[in-house]
2 protein chains.
Amino acid sequence: MKIIGVDIGGANTKITEIDEKGKHNIKHVYLPMWKENHRLTEVLKNNCPESDFKVALVMTAELADSYATKEEGVVAILDAVLEAYSDKIPVENIEVFDTEGNFISVEEAKNNHMRVSASNWRATAELIKEIDENCIFVDMGSTTTDIIPIKNGKVLANDNDLERLMNNELLYIGTLRTPLSFLTNQINFRGTLSNVSSEYFAITGDVSIIMGKISESDYTCETADGKSTSLEDSLIRISKVLCTDLNQISKEEAIEIAKEYYEAWKKLIDNNVSTVSSKYGLKNVIITGLGEKILTDALESNYNIKSITELYDKDVSLATPSYAVAKIMYNRLKI
Amino acid sequence: MKIIGVDIGGANTKITEIDEKGKHNIKHVYLPMWKENHRLTEVLKNNCPESDFKVALVMTAELADSYATKEEGVVAILDAVLEAYSDKIPVENIEVFDTEGNFISVEEAKNNHMRVSASNWRATAELIKEIDENCIFVDMGSTTTDIIPIKNGKVLANDNDLERLMNNELLYIGTLRTPLSFLTNQINFRGTLSNVSSEYFAITGDVSIIMGKISESDYTCETADGKSTSLEDSLIRISKVLCTDLNQISKEEAIEIAKEYYEAWKKLIDNNVSTVSSKYGLKNVIITGLGEKILTDALESNYNIKSITELYDKDVSLATPSYAVAKIMYNRLKI
């Protein structure tokens, strides 16, 4: 029987299909849940086998502000999932991964929403601990960075987003979607520490493009001005954070602005990993996600780094939780 | 002849009409120029006398990311202005205020876009220097805070936004629209310095409501989740910056989150005013704008404060540049 691992995030839904022979095939769908959550059922329906499959589910989209509470979000998402698959498989074929590392039924998940809220990182951690029993696992996706300590084969991270934020295990900075205003409210420009705009003018995707850390086609979210993901358009956008344009400043100066934000960004990554590293005495880091190159730049001087792209492939790196949750179910069925 | 002072901002267009007797009447229109700039002509047309009037214009909306450069923005805005009034008054009746304190023709403004880009603060400064020849004028509107030094009756601020950002004369924080993520990327919660979300979950308007600094009807921009401007909805929004909700944390804790952001906000205001104060040796501060109460909280212990609401009235405080540019033209015509 085929297995599909489904990771419903705030901005992207990722689906990994693993067939009977263990081969995987991964799909990404950009689905901004804060405004298009009504499309979730249709997206899931269009990206699954015809019949005879099992679903392993993780989610983070319940935090989207289309839902007043996580409970409302979890229940609405699970209802959409049920509707998507109901005419193809029995409800028992759908299982939800919880933050303690177990699969539970959809009904149980609905009644215990905090157990399944934001459990995607936990699925990945279960996979990672097979690779290294003592490491920090760092996953920088489009929107956030998970920083998960694993010691003696035990996943030691806190189990909800609030506590993960409080303990440096969740850093809300990603490779694409983070507004630059979050990285710092002052940058150096022409030798002066300068204020910057707080408007939604440019995002980390622009810095990633300008610094050469991702390709134009990796920049899968909407740009701030709705224009292209090219270097040229990214430079126009980044000039706006100083309320200026490429008439008033040069392209070289716009690149300098990107470098300033890149430094602030790397420092925030390093500071957060360093707190977790000191707390648990861990120096090995396993990195994954779209931001692998950025994580390498931020961490390579202080840590021993392995990457999921090297250990598996780029597809798995870009959708690790959906791969992981499918793989966990696959392994458990095999045994 | 009546005079209308028009201030076309990124989020709001404000129009002050001064009649032959010097009486003023002020209108606010929420017009988000980054997505609805095509509506500008219609908004102006619907908010002016039938005929026989003069227009005094200032703008900042040319920075909106619907325009690739400021030049493109200035020209497009002036074209919209011409179209709005062309069947009612001759083009000579429209004058644009520049950053040096002079009125110039629409044609001249088109050919010298940097002279009229972001000149609204300059109009207000011309008005303020009549009140106090040695002061810092601080205007916190919905989106930004202008910090303008006036010494011996001379307006000493830099004349474009880039240089104003570089010299602490423009702080990109306002009473309503600033994403909380811009104020700080870490806050204290339950005794721990905690990361926060960078999603567009809550804005300064929510903190202003929770701290009791504005009324629900003052909160004129869209909320982050599209829900109401009530205290209750603001508390729901602010809980999301810690990826939590009002099931997981208490209302009192949500209020504590708002207090943390309010402290960070006041500190940023104080730091920026303090830099300008030291540079020019100025201790008198004249405050205006929707954020007067917040400016008072941030500055009253270190400065001598007068407010435009007390000196004029609340209407003028909420739309000072449009009032000022109309008043300057009125005074010059009288003389």
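A:E199 and B:R177 form a salt bridge, with their closest N and O atoms 3.0 Å apart; the term stands for a side-chain nitrogen of Lys or Arg within 4 Å of a carboxyl oxygen of Asp or Glu. Between chain A and chain B the count is two salt bridges. This is a predicted model, in which local features need pLDDT of at least 70 and side-chain atom pairs count only at pLDDT 80 or more, while totals for chains, interfaces and linings use all residues. Residues are numbered from 1 along each chain as its sequence is written, chains are lettered from A in the order in which they are written, and side-chain values use heavy atoms, with hydrogens and water left out.

The contact between the chains (heavy atoms within 4.5 Å) takes 55 residues from chain A and 54 residues from chain B. Together the two chains bury about 4,500 Å², 52% of it on carbon and sulfur atoms; buried area is the accessible area (1.4 Å probe) that two parts lose on being put together, summed over both.

Within chain A, an automatic or database assignment gives domain 1 (2-118 + 313-334) and domain 2 (132-302). The C-alpha centres of these domains of chain A lie 26 Å apart. In chain A, 17 residues of domain 1 are in contact with 16 residues of domain 2, and the two domains bury about 1,200 Å² between them, 44% of it on carbon and sulfur atoms.

Two salt bridges are found across this domain interface of chain A. A:D218 and A:K314 meet in a salt bridge through their side chains, at 3.4 Å from N to O.
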